[in-house]
Structure formats: C-alpha cells, structure tokens
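Hello,

Here is the structure we talked about handing over. My notes on it follow below.

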Amino acid sequence: MEKFEFTKEELAVIDEIIAKYPNPQPAVMPVLWMAQDKFGHVEPDVQKLVANTLGLPESHVHGVATFYTQYYKERKGKYVLDVCTSFSCQACGAYDTLHYIEDKLGIKAGDTTEDGMFSIQSVECLGACGYAPMMQITNDIYVNHLTKEKIDTVIEDLKKDKLPEFEPIPLVQNREIAQEK
Ligand code: FES
C-alpha cells in the first residue's frame, strides 16, 4: 500500500502556512494544494495525511476537498479537461461540447481514458462566461470559444504534450480604450 508522507522541509513550509492564521482551518486549502502537487491527487489517504498534519478532523478536510472540483479525489489522467457546464456556457452549447469530447475520447465525464492521458470533468462556472463555451486544462490554461475544430486541435496537441497557447481575455474597458486609439 502506498504511503503518503510530507518531508521535513514540506512540514516546515506547512508550519509557516499555519502561522499566518489564528487556527489551522484556513491552512487546509493551501496544504491540500501542496499535497496534490506532490502526489497528483488528494485521495482519502492523502486527505487523512493533511488532517493529521494540521490536527483537524478528517471530515473537515474531506468537506473542503469534495467541495472543489479542482482537488482530485481520485487519480486522474495526465490532462484533466474541465468543461464548464454552468449557465452561460450551457446557453452557448456546453453540453454539445462535452458530449463531443466524451465521444472523441470514448469516456464519460468523471472518467479517465485507459491510457491515462485524459480525464473529463463537468465543472461549475470558471469565471470566463463571456468566452463560452470554455474549458480549463488540469487547473491551468483556459481554452475559450470552443468549437469542434478547436477541440480536435487541442486534443491532438495534448497527445504530443503540447499545451494550447494562452488566450488573453481583454477586459471590456481595455477593449474600448484600444478602439478609441
Ligand atoms: S458559465 Fe462557463 S465560465 Fe461561467
């Protein structure tokens, strides 16, 4: 059975995080991130490690971990495709987008491909509603205005470990200033 532990150095970092707050509860999120960065997921045994390290009940850490889709409660593929299915994206065809990706990869949302390359998640609003439909890749880069062609390109590129280019999202006021110039 795999054993999950923090190193002495990591425990020192965790002590610094805890010291910023009057009690250890607010440290749960950053320490879960540290754990996910290290182990690739926060499975129940990792949640237990975080709870024991912070001296908190496992139920508290579990509650935080399960509230956010960004924390992986089981092992995921190398690339996690978080497809937003909240209202604005839904109105712009998020479910068609999601089903297209599911058909293309031969898995359903919540699953991982057999080769361990891709997982799909249907997630809540990612704050890019004006660029719907959109998805986020492994808690990192956003891919906006999804079309079938764009999805095809992104997936083929990811198979070669090529991440999509960062797409800047100009703020409305900046767009207006740029148009005035
Ligand atoms: S509804 Fe999809 S980003 Fe907000």
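**Domains and overall layout**

The centres of domain 1 and domain 2, taken over C-alpha atoms, lie 28 Å apart. Domain 1 covers 8-67 and domain 2 covers 79-159. These bounds come from an automatic or database domain assignment.

Before the details, two notes on the source. This is a predicted model: local features need pLDDT of at least 70, side-chain atom pairs count only at pLDDT 80 or more, and totals for chains, interfaces and linings use all residues. Residues are numbered from 1 along each chain as its sequence is written.

The C-alpha atoms fill a box of roughly 50 × 45 × 30 Å along the principal axes. The chain has eight helices and four strands. Helices (H or I, at least four residues) and strands (E, at least two) are DSSP runs, numbered from the N terminus. Their order from the N terminus is α-α-α-α-β-α-α-β-β-β-α-α.

Of the 181 residues, 24% count as buried. Buried means that 20 or more other C-beta atoms lie within 10 Å of the residue's own; exposed means 12 or fewer, and partly exposed is in between, with C-beta atoms placed from the backbone. Contacts need C-beta atoms, placed from the backbone, within 7 Å. Among contacts with a separation of 6 or more, 53% join residues 24 or more positions apart.

**The sheet**

Four strands make an open sheet with mixed pairing, in the order E2-E1-E3-E4. Two strands pair if DSSP finds at least two bridges between them. E2 and E4 (142-143) are the edge strands; each has a single partner, so one side of each has no neighbour in the sheet.

E1 and E2 run parallel and share six bridges. Tyr79 has Phe118 in E2 as its bridge partner. Leu81 is opposite Ile120, also in E2. H6 packs on the sheet and touches E1 and E2, with its direction at about 155° to that of E1. Axes here are lines fitted to C-alpha atoms, for helices over the stretch in contact, and angles run from 0 to 180 degrees between N-to-C directions.

Five of its six residues are buried, so E2 is largely enclosed by the rest of the structure.

**The cores**

Which residues have the most contacts inside the largest nonpolar core? They are Leu81, Val83, Cys84, Ala94, Met134 and Met135, in a core of 19 residues. A nonpolar core is a set of buried Ala, Val, Leu, Ile, Met, Phe, Trp, Tyr and Cys residues joined through C-beta atoms within 7 Å. E1 (79-84), H6 (94-105) and E2 (118-123) each give two or more residues to this core. E1 has the largest share, with five.

Met135 touches Leu81, Asp82, Val83, Cys84, Val143 and Leu146, not counting residues up to four places away in sequence. A second, separate core has 16 residues, including Val28, Val42, Val50 and Tyr72.

H1 (residues 8-19) is hardly covered: one of its 12 residues is buried. Its end C-alpha atoms are 17 Å apart, which agrees with the 16 Å that its 12 residues should span at 1.5 Å a residue. The expected span is 1.5 Å times one less than the number of residues.

Leu158 is in H7 (residues 148-159). It has 19 C-beta neighbours inside 10 Å, so it counts as partly exposed. Leu158 and Phe118 are 40 residues apart in sequence, yet 9.1 Å apart C-alpha to C-alpha.

Thr113 sits in the loop between H6 and E2. Leaving aside neighbours within four places in sequence, Thr113 contacts Gly77, Leu105, Ile107 and Phe118.

**Backbone points to check**

Most residues other than glycine have a negative phi, and most peptide bonds are trans.

- Ala132 and Pro133 are joined by a cis peptide bond, with omega about -10°. Pro133 is in the loop between E2 and E3 (135-137).
- Thr138 has a positive phi of about 45°. It lies in the loop between E3 and E4.
- Asp161 has a positive phi of about 60°. It is in the loop between H7 and H8 (172-180), and is exposed, with 9 other C-beta atoms within 10 Å.

Best wishes

Conventions
Contact = placed C-beta atoms within 7 Å.
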